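Here's a quick briefing to read alongside the model. Have the viewer open and follow the topics in order.

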Number of protein chains: 2
Amino acid sequence: MRAAVTAVESPCPRPGRLAVVGLGPGSRALMAPAARLELEQAQDIIGYNTYVEMAGPFRADQVIHGSDNRCEMDRARAAFALAAEGRHVVVVSSGDPGIFAMATAVLEALEVHAEPAWHAVELAVVPGISAAQAAAARIGAPLGHDFCIISLSDNLKPWSQIVHRLELAARADLVIACYNPISRARPWQLGEALAVLRGVRDADTPVVLGRDVGRPAERVRVTTLGALDPQAVDMRTVVIVGSSQTRHFSAPEGRDWVYTPRWYPQPAEQD
Amino acid sequence: MRAAVTAVESPCPRPGRLAVVGLGPGSRALMAPAARLELEQAQDIIGYNTYVEMAGPFRADQVIHGSDNRCEMDRARAAFALAAEGRHVVVVSSGDPGIFAMATAVLEALEVHAEPAWHAVELAVVPGISAAQAAAARIGAPLGHDFCIISLSDNLKPWSQIVHRLELAARADLVIACYNPISRARPWQLGEALAVLRGVRDADTPVVLGRDVGRPAERVRVTTLGALDPQAVDMRTVVIVGSSQTRHFSAPEGRDWVYTPRWYPQPAEQD
């Protein structure tokens, strides 16, 4: 009797849990079991509608809080508010929540906007397979040597910084995976980015275009830096630009493979 | 009767399958179901002994081909030779096989060393969660903005190229995840790499050290670029060096969090 009263009327509810969970590229086969477990145990699921649908179906007792894709900080705050009340909350991201996704918004909310109760929430980030990894796996191993991932979106950073990064990354001969390459609101940025890369890398550098990898409409193509037309790319595509060492070959029956070797040539000896 | 003879005596055996599979950082909870399925269906499992043990246990009918960690090309060739005989072969890697792991050796074997029968093998790469992602998730979201992954091993690339890349990556203000930071055979390289980074980044830049993340002995620490002692790092550690924007804060009860914000400051206006 006493125990039941304590459980119901406790003035200090047990703090809840907030898990930021990566769904991977889309297919269930590439989602970590840890992510699946968090989704099963969640009382509240928060996320961009498309990702919430990808994560489902959910049970009738689970509460879904869908939203559009532009209010990350609002979603992060809502998640903490629910978890601080003792709820088990999952925030869903596609790919890896730690790579251009919700984990950083959740951490920013905790540092900058936190109410005291938020710090008592059990916070966890469950990593996932990011889009560049899924695209790379489908075409071979273009990320097999030093590489970088750079978002081409200038919504939250100055375009000049993006150009500066691309120029230095190209000179460093890193393989460059470009996220958020183009959108209706950002139609010219990819063309300008390619111009920067073409100023440093050869025109015949292999470029991999991975669209919706791991989903039913998956399409992976190989082109070259010189031939790539920005109009062949949309916001659901990841663009992987090879280094000077990245190789493209076809098997006799026609399948294309792209990889970046593990080794890097020694500098030319001076005679 | 006829069918049985055909199956046994067929002069053209059905080509086999070769799957290069990522085990993720170590815990089963972070291994993709697609990787688990490949391991269950494999007839032959090839890999570095430590990773084969991580992937097991296996059934009595499965053949294990363990090896030491230095003969990647031999392993890749052995895998193709078995698959070309019609076997279902799995090559295991820790993390993501496409990131400093076996996928690129397998592709190189196919391009450079292939026998004709190898091209008929059904080849697949199953991606996984890489060490930097697992370490990042444990400490927050240090890879939440543009970043690169650079191996500090000069076994297969010239040290001058590594220094060049680190210098440019630091100037690009990318977060830098360093793989293979140090080993008994490479004792001084991390110290020199840190000197390069300290020449560009502030001494108070957050640095995350993730050791054996996802395994029982997991340890994640936060330090600064100025304070990091190479002797605190070993070959099982991934070193994530923040950008100028990376934030480190502690919750009141003491847990450390590190993240890199989604936004980047506008350049200062000229007055």
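Nine of the 11 residues of helix α5 in chain B are buried, so this helix is largely enclosed by the rest of the structure; buried here means under 20% relative accessible area, exposed means over 50%, and partly exposed is in between (1.4 Å probe, protein chains only). Bear in mind that this is a predicted model, where local features need pLDDT of at least 70, side-chain atom pairs count only at pLDDT 80 or more, and totals for chains, interfaces and linings use all residues. Residues are numbered from 1 along each chain as its sequence is written, chains are lettered from A and ligands numbered from 1 in the order in which they are written, and side-chain values use heavy atoms, with hydrogens and water left out.

**Helix α5, in both chains**

- The buried residues in α5(B) are Met102(B), Ala103(B), Thr104(B), Ala105(B), Val106(B), Leu107(B), Glu108(B), Ala109(B) and Leu110(B). Helices (H or I, at least four residues) and strands (E, at least two) are DSSP runs, numbered from the N terminus.
- Phe100(B) sits in the loop between β4 (88–93) and α5 (102–112) of chain B. Phe100(B) isn't a glycine, yet has a positive phi of about 50°, and is partly exposed with a relative accessible area of 22%.
- Over in chain A, helix α5 (residues 102–112) lies across β6, β12 and β13 of chain B and runs at about 125° to β13(B). Axes are lines fitted to C-alpha atoms, for helices over the stretch in contact, and angles run from 0 to 180 degrees between N-to-C directions; contact means heavy atoms within 4.5 Å.

- In chain B, three strands make an open sheet in the order β6-β13-β12, with mixed pairing. Two strands pair if DSSP finds at least two bridges between them.
- The edges are β6 (140–141) and β12 (247–250) of chain B, each with a single partner strand, so one side of each has no neighbour in the sheet.
- Four bridges join β12(B) to strand β13 (residues 256–259) of chain B in the antiparallel sense. Arg247(B) has Tyr259(B) as its bridge partner in β13(B).

- Five of the five residues of strand β7 (residues 147–151) of chain A are buried, so the strand is largely enclosed by the rest of the structure.
- In a regular strand the side chains alternate between the two faces of the sheet. From β7(A), Phe147(A), Ile149(A) and Ser151(A) point one way, while Cys148(A) and Ile150(A) point the other way.
- β7(A) runs parallel to strand β8 (residues 175–179) of chain A, joined by five bridges. Cys148(A) pairs with Ile176(A) in β8(A).
- Between β7(A) and β8(A) the chain passes through helix α7 (residues 159–171) of chain A, and this β-α-β crossover is right-handed: with the strands pointing away from the viewer, the path from the first strand over the helix to the second runs clockwise.
- β7(A) also pairs with β7 (residues 147–151) of chain B, in the antiparallel sense over three bridges. Opposite Ile149(A) stands Phe147(B) in β7(B).
- How does chain A lie on chain B? A turn of 180° and a shift of 0.0 Å along the axis do it, with an RMSD of 0.0 Å. The two copies are thus related as by a two-fold rotation axis; they are superposed by least squares on the C-alpha atoms of residues with pLDDT of at least 70 in both.
- In chain A, the C-alpha nearest the axis belongs to Cys148(A), 1.9 Å away from it.
- The copies meet through the same surface, because 100% of the interface residues of chain A are also interface residues in chain B.

- Most residues other than glycine have a negative phi, and most peptide bonds are trans.
- The peptide bond between Gly56(A) and Pro57(A) is cis, with omega about 5°. Pro57(A) is in the loop between α3 (49–55) and β3 (63–67) of chain A.
- Gly56(B) and Pro57(B) are likewise joined by a cis peptide bond, with omega near 5°.
- Asn180(A) has a positive phi of about 45° although it is not a glycine, and is partly exposed at 34% relative accessible area.

**Chain A overall**

- Chain A has eight helices and 13 strands, and buried residues make up 55% of its 271 residues.
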